[in-house]
Amino acid sequence: IDRCIALQYVTKVRSVLLRTQGDWDTYRCIKTGIEYYYRSKDYHILFVCPPEISWSALQNNCQKAPQPKLGYQNEWEVLTDSWTNTFYRNIETGVCEWDRPIDAVEVTPFEKLCTAFQFNNLPVMQKWYSCEQCNRIWKTSTAGDESNEPAAASSSSSTVVATTANQARGTVRICEPCIHRCHKGHKGIRFIKESVTSCNCGPVCGVVGFGTKDNICKACVISDIQKDVMMKERNYREEIKRQKKFNIDYPPVFALVPRYEPLTPAEQTSYGSERQQVMKALSGWTICRKASPFPPSSSGDLIVNLSNFDSLHQIDEDSTDED
């Protein structure tokens, strides 16, 4: 009975409810930060995810939220489970997260990369623009003539036909990110249409002579904002790995912790009943962690004070000489 009352107290007073999924409630302990799963009908507590609400089970019965994809490569999609809880799934890696990932950002056209860079110069459906200021130089250049030669028609590839139709001789075709990052402030920028084509801002930068100091398309270079996000995301993933290892080494439990620190045999001999016991910071039924299952004493190692290492080493040498 005490354990059941303690569970109710811990969930209602000392924890924060994160989400409800059927019979299971997910909480985070305020004192320790440990997340756990609680089923109130039978007072069952777990520190590992139950199979019925695991990621594999949730993804079989989820729906896409009416929200655009997130991330610099549109790699994060927003989903909802059967109980309308929102979570995030990485399309490329399959990783799922309850909390919004650091790199699941709403990317503006200014921050996106050139579509030719993203899709390896393959034609894709996109909005494309023209820049008359660059087009005057591009259409008279040798590179402009060669890059806009009509492609050989192929009955087996509709994308080649569609791309050829869009590639008027001497025309600069600029994707939306390049318009914001490379051609901002240029004269004669106009929207053409949305169709299957590839951006040729990269070759244009090399001929016209703008972009970076090496005449590289600015939209093909990772921005400082993206670098900062990538660094924070990498550090976050490392912290997640560390926490998982910590949970393995020191597994969380719901246990009855004694109120006072136990006296060592030496203290009991020296002080007897007059020795005042030290009260623990956490006691009673509480969420805590087990000690390491392999303490130094159980493996036969000798616990010593490292400040006396020199004298211990000398004693060891003496004993070795006698043998």
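This is a predicted model: local features need pLDDT of at least 70, side-chain atom pairs count only at pLDDT 80 or more; totals for chains, interfaces and linings use all residues.

Tutor: Let us begin with a pair of strands: strand 9, which covers residues 124–131, and strand 10 run antiparallel and are joined by two bridges. Strands here are DSSP runs of E with at least two residues, helices are runs of H or I with at least four residues, and both are numbered from the N terminus. Two strands count as paired if DSSP finds at least two bridges between them.

Residues are numbered from 1 along each chain as its sequence is written, and side-chain values use heavy atoms, with hydrogens and water left out.

The pair belongs to an open sheet of three strands, which has the order 10-9-11 and antiparallel pairing. Its edge strands, each pairing on one side only, are strand 10 (174–175) and strand 11 (189–197).

Isoleucine 174 also leads us into the largest nonpolar core, which has 18 residues, and in which Cys114, Ile174, Cys178, Cys199, Cys201 and Cys217 touch the most other members. A nonpolar core is a set of buried Ala, Val, Leu, Ile, Met, Phe, Trp, Tyr and Cys residues joined through side-chain atoms within 4.5 Å, where buried means under 20% relative accessible area, exposed means over 50%, and partly exposed lies in between, with a 1.4 Å probe and protein chains only. At least two residues of this core come from each of strand 9, helix 4 (132–138), strand 10, helix 7 (176–181) and helix 8 (201–208). Helix 8 gives the most, with three residues.

Cysteine 199 shows the surroundings in detail: leaving aside residues up to four places away in sequence, it touches Cys114, Thr115, Ala116, Gln126, Arg173, Ile174, Cys175 and Cys178, where contact means heavy atoms within 4.5 Å. Apart from this core lies another one, of 11 residues, including Val10, Tyr36, Ile45 and Ile287.

For contrast, consider lysine 31, placed in the loop between strand 2 (24–29) and strand 3 (35–39). Lysine 31 counts as exposed because its relative accessible area is 61%.
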